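Subject: The structure for you to look at

Hi there,

Here is the structure I promised to pass on. Please open it alongside this email, and I will walk you through what turned up.

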Amino acid sequence: MPGKIDEKQVRHIAHLARLKLTDAEVARIGAQLSGILEYVEKLGELSTEGVEPTAHALPVCNVFRDDVPGAWFAPEAALANAPEKDPPFFKVPKVLDQETA
Amino acid sequence: MNASAAGQVSEALARIRRLDPHLRCVLTALEEDASARAAALDAAPPTPRGPLFGVPVAVKDNICTSSGATTCGSKILADFRAPYAAHVIERLHEAGAVVVAKTNLDEFAMGSSTENSGFFPTRNPWDVERVPGGSSGGSIVAVAARLVPYALGSETGGSIRQPASFCGVCGLKPTYGRVSRYGLVAFASSLDQVGPVAVDVPGVVRLLGAIAGRDERDSTSVGEPVPDYEGMLAESPGRIRIGYAREYFGEGLHPETRKATEAAIEVYRKLGADVREISLPHSAYTIACYYIVCTAEASSNLARFDGVRYGHRTKEPADYIDMYSATRDEGFGPEVKRRIMLGTYALSSGYYDAYYLKALKARTLIKSDFLEAFKACDVIVSPTTPTPAFRFGEKADNPLEMYLADIYNCAANLAGIPAMSIPCGFTESGLPIGLQLMAPHFAEGRLLQIAHAYQKATEHHLRKPPICAE
């Protein structure tokens, strides 16, 4: 199992998770995650060779239905909770013409 | 029942107004909508009346309702009004029930005390200095304090059973897939399940009968026929085989909890049950496995809260990345951030195999333990929680210790099996103690029969918190 998590990793993970953490949060969450990961590392004791992973508790797979058109909510309803809108669109800060991070 | 819907609903709303200021289990009381629905029910022709005609129900605020806000206990959704109602809400309405309140929870159902609510903590009606448990603390307290006869909670890892144990009521987590998750705001999709809360087993049965069944809109809800649970409850349970899992009686178990649980097993012996020791050898890995699986899924599910389509958005972001990350920083509380961080880490490049894949394999072993154990018993009994309700702040600074409050609960979620908590006694200081019963997939009917047999022989579930008399 990999070792504990350092500040640089915390900042990297926060970026991946799109969480803007304060310096105090980075320090606190880093320490807490290290403690939790230390506990979780006990999974390493388990011999799991040849054990299939379980992503879902029941053997249900490939559930299909016919693609039938049906009623859905109207654009106004879909936009009703939008923080900013320009009907029938959601409005967001400019994405193009900008270096992606 | 002859009572009018309006009468039942106005009484529930009056109880909420009187007692909730002391308990804070309600986020939104749906006064107007509930009264209007009750009046419409009374005015409709009386044929045929639904099985829950006019019955007031409280609903955890991570279940979408078409009236009132659905906040998930989070500032990021403080003003969110769902554009559709959850499947379980549609089913309650069809049965004639009236949703009177949306209840408090740990933010996004992440927590074991309601202290993580983005708004305020809920108090335990047996001792307002103590937590009610969580995350479905609000729904559980609404039933425990007799504000409403029934409530819906949700579980990802013990979030119905653990607070039910702390507050002396009955709560069931059905088999994964027994109840549609459509309209339940997702936390960890392979574990989440809606479940019923009531003071006794017949109440749980009535509510389960109303909400169980296949729903096209949740592809993980299963087509397995829904048995006649009420009919099964009326039948004799026959020979009961109880499994006693020694791993659930180890270190850290409060002496009074141990005593009450062992006394409950004795009650089953006196009823003629065959009690045998079984083993769940991978129990020690449950919490480690659970916290990797649930946080990994949460990090993915909660990516949708980005300030674009609904919920809070930060003011004047520098660019669109800043809009996402500042919005999420402002909107999410500390536990949600912690879990998103842990889950993102477990799924990130270089750590996926060591954490996430390893946890999925551990999940297979944990599930296999149960399949093996159920060859020898109908239900496995244990304490629901290692201790009675703890005090506010007692575990708030130590996330791992808080996670361990669910140590006996999470295995049922990982295995996907039904499990419930029923009251089985009280500490000397008057705090409730819960008995956990776990059964094989889709054996809710049998599980409820066996729980009912206990309640017919005992009276713990009839005891009300003193605050109800005020």
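Let's start with a pocket: the lining of the second largest pocket has 10 nonpolar, 5 polar and 4 charged residues. In that count, Ala, Val, Leu, Ile, Met, Phe, Trp, Tyr, Cys and Pro are nonpolar, Asp, Glu, Lys and Arg are charged, and the others, Gly among them, are polar. This pocket holds about 390 Å³ of space, and of its 19 lining residues B:E251, B:P386, B:L404, B:I407 and B:Y408 lie nearest the centre.

A word on the model before going further. It is a predicted one, in which local features need pLDDT of at least 70 and side-chain atom pairs count only at pLDDT 80 or more, while totals for chains, interfaces and linings use all residues. Residues are numbered from 1 along each chain as its sequence is written, chains are lettered from A and ligands numbered from 1 in the order in which they are written, and side-chain values use heavy atoms, with hydrogens and water left out.

**Pockets and cavities**

Rolling a probe the size of a water molecule over the atoms shows where empty space is left. On a 1 Å grid over the protein atoms alone, a cavity is a set of points where a 1.4 Å probe fits but cannot get out, whereas a pocket is an open set with protein on both sides within 12 Å along at least five of seven lines; lining residues have an atom within 4 Å of a point. Grid points are joined across faces, edges and corners, and a volume is the space filled by probe spheres set on the points.

The largest pocket has a volume of about 490 Å³. Its lining numbers 21 residues, with B:C64, B:F80, B:Y84, B:R304 and B:Y310 nearest the centre, and it divides into 15 nonpolar, 3 polar and 3 charged residues.

As for cavities, the whole structure has 3 of 30 Å³ or more. The largest has a volume of about 60 Å³, and its lining includes B:F187, B:R339 and B:D406.

**Where the chains meet**

How many residues of chain B are in contact with chain A? There are 69, and they touch 58 residues of chain A (contact means heavy atoms within 4.5 Å). Together the two chains bury about 5700 Å², 70% of it on carbon and sulfur atoms; buried area is the accessible area (1.4 Å probe) that two parts lose on being put together, summed over both.

Side chains of opposite charge can pair when their charged atoms come close. Between chain B and chain A there are 3 salt bridges (a side-chain nitrogen of Lys or Arg within 4 Å of a carboxyl oxygen of Asp or Glu). B:D322 forms a salt bridge with A:K20, and their closest N and O atoms are 2.7 Å apart.

**Inside the chains**

A:R11 and A:E7 also form a salt bridge, at 3.0 Å from N to O. Because they are 4 residues apart in helix α1 (residues 7-16) of chain A, about one helical turn separates A:R11 from A:E7. Helices (H or I, at least four residues) and strands (E, at least two) are DSSP runs, numbered from the N terminus.

Finally, some backbone details. The peptide bond from A:P87 to A:P88 is cis, with omega near 5 degrees, and A:P88 sits in the loop between β1 (85-86) and β2 (89-90) of chain A.

Enjoy exploring!
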